[in-house]
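Dear colleague,

I am handing over the structure we talked about, and below it you will find what came out of going through it. Please keep it open beside this message while you read.

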Amino acid sequence: MEKSAIKHIFNSWKRLPKAFIYGRESTVSGRQKLSVFLYGSIILFIGIPLNLLGWTGPDSTFYFYLNLMNLLIGAVSLGGYVKKFLSLDKALGILLVATQLEISAEMLNCSFHPSDYHISLIVGNLVLTMVLVMLAELAYMRYLPVVLSTIGMGTYTFCLYVLESPILQNFYILYLLVFITICFLGERLIRNSKALEQENTVLKQDEAELLDLLRLNKRQVKAYIEFSKKEAPTTEDAERLLELVGERSQRNIINTVADYLTKKQTQMDRIAEALPELSPSEREICRLILQGKKLGEICGLLGKTENNVTAHRGHIRKKLGLSPQENLKEALEKRMKQFSGNT
């Protein structure tokens, strides 16, 4: 019993971030940005207390107060967003910029205390700057990655100038190229993501308009498509489709199909009377030709090959006594007009 209760609590906490994300942001980019903000805040609230306790990072009063200030700013930004005092962009921007300023302050302090440890700390902090830049890009924030990169590389340049360290100098060009590459690729990622989101919005609007026009939902449209793909749908298939689309749509479909079949049969009867020498399959092809259908369309509607339809057309022309130069459609129209005039 205790294990099941613990498991239930764990699953509830596990679902909490997801429920919060989907409850606050409606767009894909908004949910992505909120994910970065929440998980970034969680890392901050775990990592900084470990540093304050002296378990990680440098141990001095200066670093203690820097980390404490960063922790407070992170708490304020998260609280401001939860209470809706701050927008998501502002809250995440404050969190990332405050963290970067804290990192830069640590790097500057290290430059005035030259030692191998402090030099390695400067390099390590610049790597943390890269992590912040990538978080900003994962959140689709357009200008913030450049700002963070500029602050980080500017601080690193100052430290290099003060320390004149060969180690820092050796890494300088490499870090500069990495930041430029990250920012360039991040910009392309943001542009492509926004373009995809715009396309998705347009597709959703088109889908909603189409479903409204058809007066059907997705499930009903999917059932209709599956029904239409079957080569020989049964009566049960038709019944299932009609049950799914609802009573109103049932009446519309049945009435429309009945009206279509009546008109088609009337047209076929007239063609049969006007062209009694033709077979039923040849009259069906004549009906479609009179409607202006092309060879490919006729093949698709009748489920026949082009060779088969072409052979039927040849038989029709032969039975009607047409020469190769005469147009089949015009000849059929003329025959139907003559029949109408006689009746």
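Tyr156, Phe171, Tyr172 and Tyr175 are joined into a cluster by ring pairs, and since you will be looking at these side chains in the viewer, please keep in mind that this is a predicted model. A search of the whole structure finds 6 aromatic pairs. One of them is formed by Phe64 and Tyr65, whose rings are 5.5 Å apart from centre to centre, with 85 degrees between their planes, an arrangement that is edge-to-face. Phe64 has a relative accessible area of 34% and is partly exposed, whereas Tyr65, at 52% relative accessibility, counts as exposed.

Tyr156 also has a place in the largest nonpolar core, which holds 40 residues, and there it belongs with Phe37, Leu92, Ile122 and Leu168 to the residues that touch the most other members. At least two residues of this core come from each of helix H2 (28–52), helix H3 (61–82), helix H4 (88–111), helix H5 (116–138), helix H6 (144–163) and helix H7 (166–214). The helix that gives the most to this core is H5, with 9 residues.

Leaving aside the neighbours within four places in sequence, Asn70 is in contact with Leu44, Ile48, Ala98, Thr99 and Glu102. Glu164, by contrast, lies in the loop between H6 and H7, and at 65% relative accessibility it counts as exposed. Although Glu164 and Pro114 are 50 residues apart in sequence, their C-alpha atoms are 10.0 Å apart in space.

Two packed helices are described by the angle between their axes and by the distance between the axes. For helix H12 (residues 295–302) and helix H13 (residues 306–320), the axes come within 9 Å and cross at roughly 110 degrees. Angles of 65 to 115 degrees count as roughly perpendicular, and H12 and H13 are therefore roughly perpendicular to each other. On the H12 side the contact involves Leu295, Ile298 and Cys299, which meet Glu306, Val309 and Thr310 in H13. The residues of this contact divide into 4 nonpolar, 1 polar and 1 charged.

Finally, here is the chain as a whole. The protein chain has 14 helices and 0 strands. Of its 343 residues, 34% count as buried. Among the contacts in the protein chain with a separation of 6 or more, 59% are accounted for by residues 24 or more positions apart.

With best wishes

Note on methods: Residues are numbered from 1 along each chain as its sequence is written. This is a predicted model: local features need pLDDT of at least 70, side-chain atom pairs count only at pLDDT 80 or more; totals for chains, interfaces and linings use all residues. Side-chain values use heavy atoms; hydrogens and water are left out. Axes are lines fitted to C-alpha atoms, for helices over the stretch in contact, and angles run from 0 to 180 degrees between N-to-C directions. Helices (H or I, at least four residues) and strands (E, at least two) are DSSP runs, numbered from the N terminus. Angles under 35 degrees count as roughly parallel, over 145 as roughly antiparallel, 65 to 115 as roughly perpendicular and the rest as oblique. Contact means heavy atoms within 4.5 Å. Ala, Val, Leu, Ile, Met, Phe, Trp, Tyr, Cys and Pro count as nonpolar, Asp, Glu, Lys and Arg as charged, and the others, Gly among them, as polar. Rings of Phe, Tyr and Trp (its six-membered ring) pair if their centres lie within 6.5 Å; planes under 30 degrees apart count as stacked, over 60 as edge-to-face and the rest as tilted. Buried means under 20% relative accessible area, exposed over 50%, partly exposed in between (1.4 Å probe, protein chains only). A nonpolar core is a set of buried Ala, Val, Leu, Ile, Met, Phe, Trp, Tyr and Cys residues joined through side-chain atoms within 4.5 Å.
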